[in-house]
Amino acid sequence: MAKGLLIVLSGPSGVGKGTVCTELRHRMPELVYSVSATTRQPRLGEENGVNYFFKSKEQFLEMIENDQFLEYAQYVDNFYGTPREFVEQTIQSGKDIILEIEVQGALKVKEKFPEGVFVFLLPPSIDVLKDRISGRGTENQATIDHRMSVAIDEINLLEYYDYAVVNDEIDQACKRIESIIIAEHCKVSN
Ligand code: ADP
Ligand code: 5GP
């Protein structure tokens, strides 16, 4: 049986990764979504096991010790990691899986899965990115500033990705990602 695609979606905080992934899950119900573990506090409305597996720092470090992560990274003040077994089993079973992760983690995944499909979501402009991250209202100003400074470093790593998708309109951004997935399935090598 053909393996599923491993799709990595990265992009600066506030660009709309979560929003686009939620919409993609409606449009492509067969696409599996990897739920990450994090030490960050849940935001209002976020559910354990749905948005993230929320862990204490001790629990997260134990998961690292037990080799339970495909990759993990420290981002701003917290740890984030992709549970390894779920990703491997999903691909083996022939299903496509999408990982919504930041760039350090994405580059580690690329070392292990060079055949993965690496998509970078870009804002229409830096000003729009600032407005989106502030408008979400989930972080204090110090965290927003920290995330914005990281954003520039992240965008500078765009060259390591296969595709760049501008998230101007959610509908358009989703259509572009859907098209990428369809095209990847049509590759002779797949
Ligand atoms: P990320 O997951 O990349 O940090 P979010 O999905 O939380 O970003 O989006 C950040 C904010 O921007 C949210 O308030 C969301 O509603 C808004 N947003 C996302 N995509 C768009 C878009 N294409 N146009 C306008 N607002 C958007
Ligand atoms: P947030 O706190 O806004 O949910 O996420 C912060 C950043 O961490 C985002 O860029 C998000 O994509 C990234 N992230 C979420 N899960 C993971 C993961 O499992 N691994 C890595 N490396 N980054 C992640």
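A word on conventions: residues are numbered from 1 along each chain as its sequence is written, and chains are lettered from A and ligands numbered from 1 in the order in which they are written. In this predicted model, local features need pLDDT of at least 70, side-chain atom pairs need 80 or more, totals for chains, interfaces and linings use all residues, and side-chain values use heavy atoms, without hydrogens or water.

Let's start with strand E7, residues 97-100; strands are DSSP runs of at least two residues and helices, H or I, of at least four, numbered from the N terminus. Which way do its side chains point? Ile-97 and Leu-99 go one way, Ile-98 and Glu-100 the other, and all are buried, meaning under 20% relative accessible area with a 1.4 Å probe, protein chains only. In a regular strand, side chains alternate between the two faces of the sheet.

E7 pairs in the parallel sense with E1 (residues 6-10) over four bridges; pairing requires at least two DSSP bridges. Leu-6 has Ile-97 as its bridge partner. E2 (residues 32-33) is also parallel to E7, over two bridges, with Tyr-33 partnered by Ile-98.

Now, the ligand. Among the 14 residues around ligand 1, Gly-14, Lys-17, Gly-18, Thr-19 and Arg-136 come nearest; "around" means a heavy atom within 4 Å. Helices H1 (17-27) and H5 (126-136) each supply at least two shell residues, and H1 gives the largest share, three.

Finally, a backbone N or O atom of Lys-17 lies 2.8 Å from a ligand 1 oxygen, and one of Ile-170 lies 3.5 Å from a ligand 1 nitrogen. Thanks, everyone!

Note on methods. Buried < 20%, exposed > 50% of the residue type's maximum accessible area, 1.4 Å probe, protein only. Polar contact = N/O pair within 3.5 Å; in protein donor to acceptor, adjacent residues only side chain to side chain.
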